[in-house]
There are 2 protein chains.
Amino acid sequence: MDIRTYLQEGAARVEARLAEITAGDAAPFSLVHNAMAYSLFAGGKRIRPILAMASCEACGGDVDVALTFGCALEMIHTYTLIHDDLPAMDNDEMRRGRPSNHVKYGEAQALLAGCGLLTWAYEVMANEGREGRVPADIAVRIIAETSRRIGWQGTMGGQSLDMIYTTQGTPPSLEELRLMEYAKTAELLNLAILHGALVANADEPALAALTVFGENIGLAFQVADDVLDVVADPEQFGKPIGSDKAQGKTTYVDHLGLDGARNYLKELLDTALLALADFDAKADALRALARFIVERAY
Amino acid sequence: MDIRTYLQEGAARVEARLAEITAGDAAPFSLVHNAMAYSLFAGGKRIRPILAMASCEACGGDVDVALTFGCALEMIHTYTLIHDDLPAMDNDEMRRGRPSNHVKYGEAQALLAGCGLLTWAYEVMANEGREGRVPADIAVRIIAETSRRIGWQGTMGGQSLDMIYTTQGTPPSLEELRLMEYAKTAELLNLAILHGALVANADEPALAALTVFGENIGLAFQVADDVLDVVADPEQFGKPIGSDKAQGKTTYVDHLGLDGARNYLKELLDTALLALADFDAKADALRALARFIVERAY
């Protein structure tokens, strides 16, 4: 399979589904609706919904339903980007080559747009259960897992630690960095894989294997990002090279060096692929995505 | 029944359930956990979970389960208070006689604490379905209804309009005010009543009647607050008198005058109580709560 074509086709499906989800007349709430759409349709790679679809495919489930759940995660991912850019957080005025949400819409509306996307994502997930596209007990399980992994013990908790490390001038140890990055970034990627598997009603052994896969690929995603922050072509990377350093963030490269970080990446990839040993060719897209995530840092 | 005793006993049950929900070791995410607890246990009246319990009782359901769903709404209500106090919103440095969350914990952690409570509320609701205290299809319905009513078409949308009216110096017409306040405040109170009824598996006629009740009581709550902002004893009101005026907010009293606002309150109460005509004595607590909400403004 050609992974770049696969990614392009996946991203196109995601754009179309997100457009369906957000269609309709938003009056009188057009301003906050526009603010949400501004960031949601800013041209991300859509890697989370693509992972959800690939995971669902690996388990023989209905990929179109996984797409919808993946779009909910993309809405959640977008909310974290809007809030992370706020002056009280990373204070980034640009995102994907355009003014950040709060620069365009003001801080108040950006804050609301973020929470609006988070809440809307739950509505999307709940409606899949309510309208029978997944059994209600599966929808409830997905919503509970999502909440735990994106909340104060997950994405938000990781961001809380990141702010502590960044603003208080106490750089995290390697173990603290791993825990913080896992919560902040890896958990959401792992969650995408879980969504796909739960939509497919995967059995517990398959879920366990995909969890090992997801944890390792989730971590690898951040390690690769840290490597790219040092070595990438700025055009392809989509953000300025060296921005971690400029923001005083500690990275895996700081702890492991460039070669050490790349070796760690290779270990994570090997462990992830080994976890898929009992899956057949339906998991090939998932395998290819794992390689893509790691190999862009080589 | 003595409404003050009923409110005190209800609030004590809410405190206890919220303490159960939030118990446990929060390390390494203690800072954001402390920030959430700081605002969650700041001594509110707990009117939303009390309404959920009373509504459930009116429909003959399990009040203890309604209490948990009501606590989820109290977590959501607390999140809106934390975010509304932020400098980018109303910029309130005090809340319930103590420094606001962002004054105590900084803006970044306050922002995360708010979103953390929102997300946690969903986990609480989903777990009620996952662990069988309500059927999964009821949990999914409650989660979908909650999302729509607290999101960009509800609480957040109302706050978005409030920020537009406040910062752009264009005072809302009475109709705009009603729509904005309904979305921002009334919808969440109405939702508490819906939670209780759905937990009790109320039939559609009962749901329809309780929706009329909830809409009118939700609106009345805000009108009463506007009246109290003019006439209340500051000790009992819990915030400075005249704060709406000081913040440049348009109120029902501006549009209707004091007597007009009180007449409107009486109309809303009459309509709400009439909607409960077919309910028996099990709805007496709900009736007493409606009277309490309105009569504190007399």
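**Chat about a two-chain predicted model**

Biologist: OK, the interface then. How many residues of chain B are in contact with chain A?

Modeller: 46 residues of chain B, and they meet 46 residues of chain A. Four helices of chain B each supply at least two residues to that side: α2 (30-40), α6 (107-130), α7 (136-150) and α8 (155-168).

Biologist: Which of them gives the most?

Modeller: α6(B), with 16 residues on the side of chain B that touches chain A.

Biologist: And how does that side of chain B split by class?

Modeller: It has 27 nonpolar, 13 polar and six charged residues.

Biologist: You listed α8(B). At what angle does it pack on α9(B)?

Modeller: About 145°, with the axes 7 Å apart; α9(B) covers residues 174-199. The crossing of α8(B) past α9(B) is left-handed.

Biologist: Which residues make that contact?

Modeller: From α8(B) you get T155(B), G157(B), G158(B), Q159(B), L161(B), D162(B) and Y165(B), and from α9(B) there are M180(B), E181(B), A183(B), K184(B), E187(B) and L188(B). By class, the contact of α8(B) with α9(B) has five nonpolar, four polar and four charged residues.

Biologist: Switching to chain A: how do α3(A) and α9(A) pack?

Modeller: Helix α3(A), residues 47-58, packs on helix α9(A), residues 174-199, at an angle of about 35°, and their axes are 7 Å apart. Their crossing is right-handed.

Biologist: What's in that contact, by residue and by class?

Modeller: α3(A) brings R48(A), L51(A), A52(A), M53(A), A54(A), S55(A) and C56(A), while α9(A) brings L188(A), L189(A), A192(A), I193(A), H195(A), G196(A), A197(A) and V199(A). The class count for α3(A) with α9(A) is 11 nonpolar, three polar and one charged.

Biologist: Zooming out, how many helices and strands does chain A have?

Modeller: 14 helices and two strands. Its radius of gyration is 18 Å, close to the 19 Å that the globule rule gives for 298 residues, so chain A is as compact as a globular protein of that length. The C-alpha atoms fill a box of roughly 55 × 50 × 35 Å along the principal axes.

Biologist: What share of chain A is buried?

Modeller: Buried residues are 55% of the 298 in chain A. On contacts, take those between residues at least 6 apart in sequence: 72% of them join residues at least 24 apart.

Biologist: One more. Is M75(A) buried or exposed?

Modeller: M75(A) has 27 other C-beta atoms within 10 Å; the cut-off for buried is 20 or more, so M75(A) is buried. M75(A) sits in helix α4(A), residues 63-84.

Biologist: What does M75(A) touch?

Modeller: Leaving out residues up to four places away in sequence, M75(A) touches L40(A), L117(A), W120(A) and A121(A). Also, S39(A) is 36 residues from M75(A) along the chain, and their C-alpha atoms are separated by 9.3 Å.

Terms used
Residues are numbered from 1 along each chain as its sequence is written. Chains are lettered from A and ligands numbered from 1 in the order in which they are written. This is a predicted model: local features need pLDDT of at least 70, side-chain atom pairs count only at pLDDT 80 or more; totals for chains, interfaces and linings use all residues. Axes are lines fitted to C-alpha atoms, for helices over the stretch in contact, and angles run from 0 to 180 degrees between N-to-C directions. A crossing is left-handed if the near helix is turned anticlockwise from the far one by less than a right angle, and right-handed if clockwise. Two residues are in contact if their C-beta atoms, placed from the backbone, lie within 7 Å. Ala, Val, Leu, Ile, Met, Phe, Trp, Tyr, Cys and Pro count as nonpolar, Asp, Glu, Lys and Arg as charged, and the others, Gly among them, as polar. The radius of gyration is taken over C-alpha atoms; the globule rule is 2.2 Å times the number of residues to the power 0.38. A residue is buried if 20 or more other C-beta atoms lie within 10 Å of its own, exposed if 12 or fewer, and partly exposed in between; C-beta atoms are placed from the backbone.
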